[in-house]
Amino acid sequence: MAQPYRVLARKYRPSDFTGLIGQEALVRTLSNAFATGRIAHAFMLTGVRGVGKTTTARIIARALNCIGPDGKRTEPTIHPCGKCEPCVSISESRNVDVQEMDAASRTGIDDIREIIEGVRYAPVAARYKVYIIDEVHMLSKQAFNGLLKTLEEPPPHVKFVFATTEIRKVPVTVLSRCQRFDLRRIDSQELALYLATLAEKEKVKVEEGALALIARAAEGSARDALSLLDQAIAHGEGELITAETVRQMLGLADRGQVLDIFEKLMNGKISEALTDLQTLYDAGADPLAVMQDLLETTHFLTRVKVAPAAQGFFDGGSGEAKRAADLAAKLSVAALTRAWQILLKGLFEVRDATRPISACEMALIRLAYAAELPPTDKLVKDLLDGGAAPSPRSPSPPPSAGGGTRATARMGEGVAATRPVPHSIPEGAPTAVLRGMEDIVALCEPRSELRVNLEHNVHLVHLEPGRIEIRPTARAPRTLANDLQTKLAAVTGERWTVSIASQGGAPTLAEQKLAAKTARFEAVAQEPMVRAVLDRFPGAEIVAVREVVGEDVAAPMPDADEE
Ligand SMILES: [Zn+2]
């Protein structure tokens with residue numbers, strides 16, 4: 001059945017304040033102002049896109065200029081009739097006294113000058129000249145300054161209505177001369193109710209669940225909600241619009257399936273989860289929507305955890321809420337917050353990726369990988385207790401020279417293979433016990449010449465208290481031995497003998513670091529999870545190795561002498 005169709009957003013664009021949903025505070029304040037005759041000269045409407053700023057601006061213009069159906073009204077009214085000439089011409093954007101300007105396209109002083117010139121003349125026909133300036137924050141500084149003079153002393157027949165999505169970019173000098181209204185994001189339940197009344201008026205049959213999905217996807221914007229409902233009506237082809245229809249239309253995955261994926265990830269069943277994801281993707285699910293749903297899932301589970309009566313994502317009478325609650329019981333809050341962080345980061349990656357599905361897979365792999373790690377607090381505790389560090393993913397470090405390393409175990413890269421130098425420390429050694437080149441380097445100022453040379457140009461041959469034997473590389477400065485001697489004497493308070501060997505010695509610190517890094521990359525590349533990723537994404541390479549831990553604590557490497 002073909003009939004002329006007007007999009008809902010236009011058809012149901014509110015023509016007065018009663019039609020403006022979700023903005024009661026604004027309506028109340030304006031009503032009071034109109035009732036008492038204290039109408040501001042300038043209004044500033046702010047809020048996210050789609051909440052009805054321009055619509056509100058037009059309603060204000062009508063309220064200011066309505067003359068009533070009989071043409072006899074002499075004062076502004078909060079209930080514009082919608083029938084008189086001013087009301088009609090304003091809603092059709094053709095009233096000569098109501099000018100709309102989009103500051104996004106006309107930002108300069110000349111555009112504003114036009115307005116400023118016009119302000120001096122009385123309205124042609126209407127009660128007030130109304131200037132509606134959309135996206136006012138886009139005006140140039142000069143334009144704002146020009147406008148300011150008019151705002152300071154506006155002629156009584158002029159009103160300004162500004163709208164902006166970015167109130168912080170509007171100069172305070174301008175703001176202070178406006179009555180400000182913050183249009184709030186429309187609550188999704190309220191939006192769903194509103195959609196239900198429209199569906200009834202339109203004689204369209206829509207499931208409640210379908211409306212809830214649309215309202216949620218609209219994220220507080222009535223305009224978006226209406227155009228989504230339009231789409232759904234077109235999709236439904238006259239049949240009942242089901243939640244399933246809307247889900248397909250929005251590229252949303254079934255929540256039960258999303259919960260399946262989440263559960264598998266948290267159990268480390270990565271390949272099953274990836275298969276599920278592929279199935280959803282093949283069925284038309286948008287990777288970004290999947291990430292959002294996984295985030296909502298995490299949020300819901302966490303809320304259930306802290307407040308078992310929590311409601312939200314998994315409502316709707318299905319068995320999913322119960323399943324979700326069971327899953328929540330098994331997971332720790334720490335694991336859930338870690339999942340949240342990983343997914344949130346993944347969401348942005350998916351959004352910006354050229355191949356969102358790949359980014360989505362990567363995020364899921366990370367999540368599964370992190371889910372297997374013990375909680376950070378346990379890791380740290382185990383290390384402090386001297387238990388085996390439960391990190392199967394760290395490459396096994398090469399054997400070290402032996403005892404004494406525990407106390408000085410360092411975090412991060414390059415720990416392994418840094419102490420191959422034979423040394424002996426006598427019992428009751430004096431204060432500064434230097435166990436290797438690392439310890440000596442640590443005594444030097446960061447980035448000092450001596451330090452750089454010790455790191456890059458010295459092979460340590462032998463070290464014992466008071467005596468050190470080194471083999472400098474060809475690039476070491478001639479003064480190195482002398483400099484080192486002076487430094488050692490200064491920091492230890494003892495005499496040191498520095499002798500030069502012609503051969504032997506350990507690799508330089510820089511070489512050791514590089515070797516450790518290479519070994520680490522190679523070890524990581526052998527891990528099944530990483531192997532799987534490298535195989536799955538040809539051309540992928542490892543560029544950095546970081547310990548994956550959800551919280552802010554850097555993961556400690558296992559000690560060199562532990563296995
Ligand atoms: Zn009217």
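The model is predicted: local features need pLDDT of at least 70, side-chain atom pairs count only at pLDDT 80 or more, and totals for chains, interfaces and linings use all residues. Residues are numbered from 1 along each chain as its sequence is written, and side-chain values use heavy atoms, without hydrogens and water.

**Zinc site**
- Cys-66 (SG), Cys-81 (SG), Cys-84 (SG) and Cys-87 (SG) are the protein donors of the zinc ion, at 2.2 to 2.3 Å; donors are N, O and S atoms within 2.8 Å of the metal (3.2 Å for Na, K and Ca), and sites may look incomplete because water is not among the atoms.
- The arrangement is tetrahedral because the four donor atoms subtend angles of 100 to 122°; for four donors, that label needs all angles between 85 and 135 degrees.
- The donor spacing in sequence is C-x14-C-x2-C-x2-C.
- Cys-66 and Cys-84 are both buried (under 20% relative accessible area, 1.4 Å probe, protein chains only).

**Nonpolar cores**
- The largest nonpolar core has 44 residues, with Phe-262 and Leu-301 making the most contacts inside it; a core is a set of buried Ala, Val, Leu, Ile, Met, Phe, Trp, Tyr and Cys residues joined through side-chain atoms within 4.5 Å.
- Helix 17 gives the largest share of this core, 10 residues (helices are DSSP runs of H or I, at least four residues, numbered from the N terminus).
- Apart from this core lies another of 32 residues, including Tyr-12 and Leu-252.

**Ser-448**
- Ser-448 counts as buried because its relative accessibility is 17%.
- A polar atom of the Ser-448 side chain lies 2.8 Å from the backbone oxygen of Glu-445.

Terms used: Buried < 20%, exposed > 50% of the residue type's maximum accessible area, 1.4 Å probe, protein only. Helix = DSSP H or I, 4+ residues; strand = E, 2+ residues; numbered from the N terminus. Polar contact = N/O pair within 3.5 Å; in protein donor to acceptor, adjacent residues only side chain to side chain. Tetrahedral: all angles 85-135°; square planar, octahedral: opposite > 155°, others 65-115°.
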